[in-house]
Amino acid sequence: MKNTDEIQFSVAMCTYNGEAYIREQLQSILEQEVPVDEIVVADDGSTDGSVEMVREMLSQSGIRHEIIVNKKNLGFRKNFEQAIGKTHGKIVFLSDQDDVWKREKVRATWEHFRKNPACLLVFSNAEVVDEKQNPQAMDLWDSLMLKKETLTGIDWKRLFLKGWYVTGAVTAIRRELFEEATPFPENCYHDAWLGMRAALRSGIEPEPEKLICYRQHGENQIGTAASRAARWQKRLKVLKTSGQAQIEIHRQYAMMYREIEEGFSDLLAADPAFWEELKACTHYHQELAGLKDLRVRERLRVIARNHRQGNFKRFAKSAAAMRGDLLYALADGIGKPCV
């Protein structure tokens with residue numbers, strides 16, 4: 001078995017009641033063209049047979065591994081911080097419990113790090129599949145509105161002001177990025193946190209190949225609409241709940257961007273123009289999250305002002321964002337005074 005200073009590729013996997021799919025995922029990791037050296041699994045209090053299944057598979061494989069069983073549920077953000085922190089590899093692959101890696105994933109990802117010493121984070125596209133691995137209409141990047149033809153020369157930090165495009169399940173990082181980015185904050189997703197840190201250091205590289213099967217099922221904590229029909233169902237759900245989901249997204253984004261402002265001041269100080277843009281993005285989300293406390297006419301004024309200032313174009317992925325805010329402003333205001 002390799003000494004810790006000889007470990008090149010580590011996998012940090014978080015589990016929680018994942019026995020339905022975890023065997024298939026672990027097998028796909030163990031069968032990589034370029035083998036990984038270490039697997040660390042952090043279980044967040046499973047009540048099914050996940051831990052026993054993982055322990056059996058990894059013991060039989062002979063690979064270096066560690067299994068952490070949390071006595072208290074940490075949540076996926078802090079659990080990933082814990083899992084990554086226990087790895088030893090120079091390159092760390094993040095892994096969900098329910099996907100399936102394609103055999104070339106490690107090799108194709110490593111090529112980016114090998115060719116570019118400044119590369120800190122690589123994320124790939126993925127084939128979106130259902131519970132039985134049946135391909136869906138849209139791939140991961142389609143669902144995130146990441147256009148493959150516009151990737152050359154992109155300013156990632158400014159793109160990230162429109163939302164998050166780095167998905168943890170398809171991400172690998174250089175160890176130094178993790179060491180710079182800890183501790184993870186309470187409200188910012190771990191992949192968004194690592195992604196923005198890497199972007200601020202000009203260290204992101206995308207891999208357009210679909211290197212995993214990204215499984216979508218009813219138990220995913222965070223996922224993506226697997227088809228256009230699913231995306232419309234999500235929009236209808238927003239309408240049926242009077243737009244509360246739209247406001248919640250603004251609230252979460254405001255907290256995330258605020259934590260990035262506070263946590264990465266060392267890098268932001270070197271780019272004051274971008275720092276001001278980040279502050280404006282945070283304010284945009286805070287203001288729209290506050291629509292719930294306003295009357296209809298005041299809501300419409302806030303939306304109109306942000307439209308005139310170009311904030312929807314600067315800080316939203318598509319025109320659908322403004323339409324969603326307008327629908328919330330009007331639909332949630334039915335029966336309420338306008339002044």
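Let's start inside the fold: setting aside residues up to four places away in sequence, S124 touches L140, W141, V170, E207, E209 and L211, where contact means heavy atoms within 4.5 Å. S124 sits in strand β6, residues 121-129. Helices (H or I, at least four residues) and strands (E, at least two) are DSSP runs, numbered from the N terminus. With a relative accessibility of 2%, S124 counts as buried; buried means under 20% relative accessible area, exposed over 50%, and partly exposed in between, with a 1.4 Å probe and protein chains only.

Before going further, a word on the model: it is predicted, with local features needing pLDDT of at least 70 and side-chain atom pairs counting only at pLDDT 80 or more, while totals for chains, interfaces and linings use all residues. Residues are numbered from 1 along each chain as its sequence is written, and side-chain values use heavy atoms, leaving out hydrogens and water.

Stay with β6 for a moment. Eight of its nine residues are buried, so the strand is mostly covered. On one hand, β6 runs antiparallel to strand β7 (residues 171-174), joined by three bridges; here V122 stands opposite A172. On the other hand, β6 pairs with strand β8 (residues 204-215) in the parallel sense over eight bridges, and L121 has I204 of β8 as its bridge partner. Two strands pair if DSSP finds at least two bridges between them.

Now step back to the whole protein. It has 15 helices and eight strands, and buried residues make up 51% of its 339 residues. Of the contacts with a separation of 6 or more, 77% are between residues 24 or more positions apart. The accessible surface comes to about 15,900 Å², and 51% of that belongs to carbon and sulfur atoms; these areas come from the Shrake-Rupley method with a 1.4 Å probe, and for residues only the protein chains shown count as cover.

A charged residue deserves a look next. K105 lies in helix α4, residues 105-115.

Aromatic rings come next. A pair of aromatic rings is described by the distance of the centres and the angle of the planes. Rings of Phe, Tyr and Trp (its six-membered ring) pair if their centres lie within 6.5 Å; planes under 30 degrees apart count as stacked, over 60 as edge-to-face and the rest as tilted. By this rule the count comes to 14 aromatic pairs. In one of them, F160 and W164 have ring centres 5.6 Å apart and planes at 50 degrees, so the pair is tilted. Both of these residues are buried. Y284 and F312 form an edge-to-face pair, with 5.6 Å from centre to centre and 85 degrees between the planes. Because Y284 lies in helix α12 and F312 in helix α14 (residues 311-315), this pair ties together parts that are 28 residues apart in sequence. Y284 and F312 are both buried. One aromatic cluster is formed by F123, W141, W156, F160, W164, Y253 and Y257.

The loops have something to show too. L291 is in the loop between α12 (272-289) and α13 (296-308), and at 0% relative accessibility it counts as buried. Leaving aside neighbours within four places in sequence, L291 is in contact with I247, R299, V302, I303, D325 and Y328.

Finally, some backbone details. Most residues other than glycine have a negative phi, and most peptide bonds are trans. The peptide bond from T182 to P183 is cis, with omega near 0 degrees, and P183 lies in the loop between α7 (175-181) and α8 (190-200). N17, in the loop between β1 (9-15) and α1 (22-30), has a positive phi near 50 degrees. M145 has a positive phi near 60 degrees, and its place is in the loop between α5 (140-143) and α6 (156-159). N17 is partly exposed, with a relative accessible area of 25%, and M145 counts as partly exposed at 33% relative accessibility.
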